Amino acid sequence: MQYDVIVIGSGPGGYVAAIRCAQLGLKTAVIEKYNTFGGTCLNVGCIPSKALLDSSEHYHNAAHSFEAHGISLSNLKVDIKKMIARKDDVINQNTAGITYLFKKNKVESFQGIGSFVDKNTIKITKDDGTSEQITGKNVIIATGSKPTYLPFLPVDKKRIITSTEALNLTEIPKHLIVIGGGVIGLELGSVYARLGSKVSVVEFAKSIIGTMDGGLGKELQRVLKKSVGMEFYTGHKVTGATSKGKTVTVTAENPKGEIISLEGDYCIVAVGRTAYTDNLGLENIGITVEERGKKITVNDHLETIVPGVYAIGDVVKGAMLAHKAEDEGIFVAESIVGQKPHIDYNLIPGVVYTWPEVASVGKTEEQLKEAGVKYKTGSFSFKASGRAKASMDTDGFVKILADAETDEVIGVHMIGPRAADMIAEAVVAMEYRASAEDIGRICHAHPTYTEAIKEAALAATSNRAIHA
Ligand code: FAD
């Protein structure tokens with residue numbers, strides 16, 4: 001065998017797995033079909049979307065908040081091409097970082113499409129049609145996912161687009177229709193709403209970000225309406241979308257069964273992502289994919305039915321998140337050398353990078369009710385936070401759910417300023433099985449947004465919040 005491990009795909013799952021394998025002394029190769037490393041996350045996902053969210057937030061603040069701070073600006077305008085170019089520069093810095101890390105860790109890389117010849121032999125087909133084969137004792141499939149398409153809704157990638165094209169628009173839409181009120185749709189909708197587009201979100205479920213704790217979606221919808229004028233059609237089932245010239249028409253069935261029609265100039269289809277296993281040659285080694293979602297089935301060790309062939313990240317069950325993929329990459333690398341790593345899937349935080357940000361970890365109230373768990377709640381509103389008042393970010397709240405008998409924290413849900421960063425405190429606390437009282441007794445610096453976590457914990461502990 002030429003390699004101890006061959007990793008197919010260089011997204012956050014694949015590149016992290018490869019680096020950890022190399023750190024552990026395994027001779028490692030990575031195969032990536034694109035010319036840059038980093039997968040969806042670095043090239044068309046997490047990083048570029050956050051770059052545009054940051055740029056658009058600066059503009060929105062300059063246009064709408066600076067005045068209240070006593071700062072006057074005139075002739076404010078957006079140069080969308082420059083904004084997109086900055087985003088591209090951020091991508092390049094990040095993908096170049098992976099090239100550097102591969103070199104530093106002596107991970108060998110190959111450009112091309114990797115496919116199984118047999119369980120130890122991978123054929124690499126390059127862009128020019130030539131191919132070569134490499135062999136490895138273990139193979140990690142980390143081929144990620146691609147946007148899900150609705151069978152009745154043709155995506156022309158010009159006017160009816162996916163998140164990938166939405167990260168590269170050359171003009172600001174006048175009216176952007178977003179199909180799907182999940183994380184990706186709301187983040188990209190926020191970008192353009194802040195830049196001045198009218199944004200309409202059409203969502204099949206009764207609320208946006210429906211998989212998160214119910215209170216979060218309600219508050220987010222209220223704030224996005226108020227702050228950037230987004231409009232929401234929840235409980236609406238999209239029935240079709242067509243584009244003609246510069247006009248896109250989206251039709252949907254409302255909760256009364258009536259068909260409504262929305263006209264815009266762009267439509268983003270953001271209804272989820274499907275595992276990507278095309279051209280992998282899985283049939284050559286007897287691996288089948290699940291009917292729904294096309295995911296590869298793995299056991300608790302993330303090993304497929306073929307010994308020595310593992311799969312991680314978006315291509316397997318669980319949340320489609322970069323940090324989950326990374327942790328699985330490390331898990332498999334350490335398992336291969338005989339270590340006993342562990343991932344607590346209950347403690348993988350979920351974040352929405354709108355403003356205010358939304359972040360969550362552990363069980364939702366809905367899940368606890370369904371499971372019949374007795375719990376208590378403590379909430380604290382940012383309206384009562386001195387730090388939030390200073391920055392004029394008073395929308396949102398922190399909610400802590402604790403076991404009614406033991407006081408152990410079992411869920412933390414927040415919407416507010418810097419919630420994406422603050423959720424780490426909850427994850428650490430829950431990893432160490434903290435009680436609400438433990439968090440309430442920890443000294444939090446003043447004034448910080450994190451004091452809202454302490455106050456919510458005090459509220460959950462016999463209603464002892466000080467500033468509520
Ligand atoms: P991917 O990142 O999809 O990487 C898979 C790689 O495998 C790709 O580079 C692909 O080209 C390659 N590949 C596929 N088949 C082959 C083959 N046969 N041979 C060789 N190479 C192959 N997650 C977060 O946690 N936080 C966020 O803020 C966030 N924002 C997002 C925003 C958007 C717009 C999108 C679309 C996604 C976002 N995600 C976010 C999700 C995140 O990008 C994914 O969960 C993550 O990239 C999954 O990592 P992965 O390694 O499993 O797969």
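Colleague: What is the phi of Arg-433, the residue following α11?

Modeller: Positive, near 55°. Bear in mind that this is a predicted model.

Colleague: How do you know that α11 reaches close to the span expected of a helix?

Modeller: α11 covers residues 419–431, which is 13 residues. The expected span is 1.5 Å times one less than the number of residues. That gives 18 Å, and α11 reaches 18 Å from its first C-alpha to its last.

Colleague: Which residues of α11 are called buried, and by what cut-off?

Modeller: Ala-419, Met-422, Ile-423, Ala-426, Ala-429 and Met-430. Buried requires 20 or more other C-beta atoms within 10 Å of the residue's own.

Colleague: What puts them on the same side of α11?

Modeller: They cover an arc of only 110° around the axis, so they share one side of the helix. On the other side, Val-428 and Glu-431 are exposed. Exposed requires 12 or fewer such atoms.

Colleague: What do the buried residues of α11 pack against?

Modeller: Strands β18 (350–352), β19 (357–362) and β22 (409–416), plus helices α12 (436–441) and α13 (451–460).

Colleague: Which domain does UniProt list for residues 348–457?

Modeller: An unreviewed entry gives "Pyridine nucleotide-disulphide oxidoreductase dimerisation". Over that range the chain is 35% helix and 28% strand. Its end C-alpha atoms are 20 Å apart.

Colleague: Which of the 37 residues around the ligand come nearest?

Modeller: Gly-9, Gly-11, Gly-39, Gly-144 and Gly-313. Elements giving two or more residues to the shell include α1 (12–23) and β2 (28–32).

Colleague: How do the shell residues divide?

Modeller: Into 17 nonpolar, 17 polar and three charged. Gly counts as polar here.

Conventions:
Residues numbered from 1 in each chain as written. Predicted model: local features only at pLDDT ≥ 70, side-chain atom pairs only at ≥ 80, totals over all residues. Helix = DSSP H or I, 4+ residues; strand = E, 2+ residues; numbered from the N terminus. Arc of directions from axis to C-beta. Contact = placed C-beta atoms within 7 Å. UniProt positions renumbered as here; feature names shortened; annotations may be inferred. Near = placed C-beta within 6 Å.
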